[in-house]
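Please read the points below beside the sequence and the coordinates. They are meant as a colleague's working notes, with each term given its cut-offs where it comes up.

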Amino acid sequence: MIGIFTGSFDPYTIGHDDILRRALPLFSRVVIGVGVNEHKKYMFSMKERCEAIARIYSDETKVEVKEYSDLTVDFARREGASYIIKGVRSIKDFEYEREQAEINRQLTGIETLLLFSDPRYSSLSSSVVRELMHFGQDVSSFLPQPVK
C-alpha cells in the first residue's frame, strides 16, 4: 500500500519528520510530495527543499521525494497512492484537513490519514522556523538531520 505525505515543506521540520516516521510502518512505500502553493513566498527553492528532504531519508528504501505542481489527488493517482497522510497540530488544522479530505474522497475515493502531532511539536510550523531564520536565530533544534 502506498501513501503520499504532502506539503510545501519550507523548511521540513522535526514535526514533519515525526509524522512521516509514525506513518511509515503502515505503508509499503511513502512518497513525500513537495508541492507548490502559488499564494506562498518560499525561502528555499523547490530543488533545495526536495534535496534536503531526500538527504534525511537517504537510507530509507520505502521513502521517495518528488515535486508536484497540480492537485494533490492528481499526484496521488499518478503515484498509485491509496492514502494521503497529513499531520494535525490544532483544531484549526483539523477543520482544514477534514474539509480537504472530504473533497479529495469525493473526487477520487482516496482516503486521508490524519495523524495528530506529538504535543512537543504542536506549536512548531515551517512559517515560525522561517521567521526565526530571517532574524538570524539558531533553528537547528527544529530541523531533522541533515537539513541543517
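1. R29, E64, K66 and E79 are joined in a network of salt bridges, where a salt bridge is a side-chain nitrogen of Lys or Arg within 4 Å of a carboxyl oxygen of Asp or Glu. By this rule the structure holds 15 salt bridges. The model is a predicted one, in which local features need pLDDT of at least 70 and side-chain atom pairs count only at pLDDT 80 or more, while totals for chains, interfaces and linings use all residues. Residues are numbered from 1 along each chain as its sequence is written, and side-chain values use heavy atoms, with hydrogens and water left out.

2. The salt bridge between D10 and R130 has its closest N and O atoms 3.9 Å apart. D10 sits in the loop between β1 (2-7) and α1 (14-23), whereas R130 belongs to helix α5 (residues 126-134), so the pair ties together parts that are 120 residues apart in sequence. Helices (H or I, at least four residues) and strands (E, at least two) are DSSP runs, numbered from the N terminus. D10 is buried at 1% relative accessibility, while R130 is partly exposed at 21%; buried means under 20% relative accessible area, exposed over 50%, and partly exposed in between, with a 1.4 Å probe and protein chains only.

3. In the bridge between D93 and R89 the closest N and O atoms are 2.9 Å apart; D93 is buried, with a relative accessible area of 16%, and R89 is partly exposed at 36%. R98 and E95 also form a salt bridge, again with closest N and O atoms 2.9 Å apart, and they lie three residues apart in helix α4 (residues 91-108), which means that about one helical turn separates them.

4. In what order do the strands of the open sheet run? The order of the five strands is β3-β2-β1-β4-β5, with parallel pairing, and two strands are taken to pair if DSSP finds at least two bridges between them. The edges are formed by β3 (63-68) and β5 (111-116), each of which has a single partner strand, so one side of each is left without a neighbour in the sheet. From one strand to the next the twist averages 30 degrees, where axes are lines fitted to C-alpha atoms, for helices over the stretch in contact, and angles run from 0 to 180 degrees between N-to-C directions.

5. Strand β2 (residues 29-35) pairs with β3 in the parallel sense over six bridges. V31 has E64 as its bridge partner in β3, and I32 stands opposite V65 in that strand. Together with helix α2 (residues 46-56), β2 and β3 make a right-handed β-α-β unit; right-handed here means that, with the strands pointing away from the viewer, the path from the first strand over the helix to the second runs clockwise. Helix α3 (residues 72-79) lies across β1, β2, β3 and β4, and runs at about 150 degrees to β1.

6. G87 is placed in strand β4 (residues 83-88) and is partly exposed, with a relative accessible area of 26%. When residues up to four places away in sequence are not counted, G87 touches I19 and L115, contact being heavy atoms within 4.5 Å. The structure holds five aromatic pairs; rings of Phe, Tyr and Trp (its six-membered ring) pair if their centres lie within 6.5 Å, and planes under 30 degrees apart count as stacked, over 60 as edge-to-face and the rest as tilted. The rings of F5 and F9 have centres 5.3 Å apart and planes at 50 degrees, so this pair is tilted. F5 is buried, with a relative accessible area of 3%, and F9 is buried at 3% relative accessibility. For Y12 and Y57 the ring centres are 6.0 Å apart and the planes stand at 90 degrees, so the pair is edge-to-face. Y12 lies in the loop between β1 and α1 and Y57 in the loop between α2 and β3, so the pair ties together parts that are 45 residues apart in sequence. Both of these tyrosines, Y12 and Y57, are buried, and ring pairs link F5, F9, Y12 and Y57 into a cluster.
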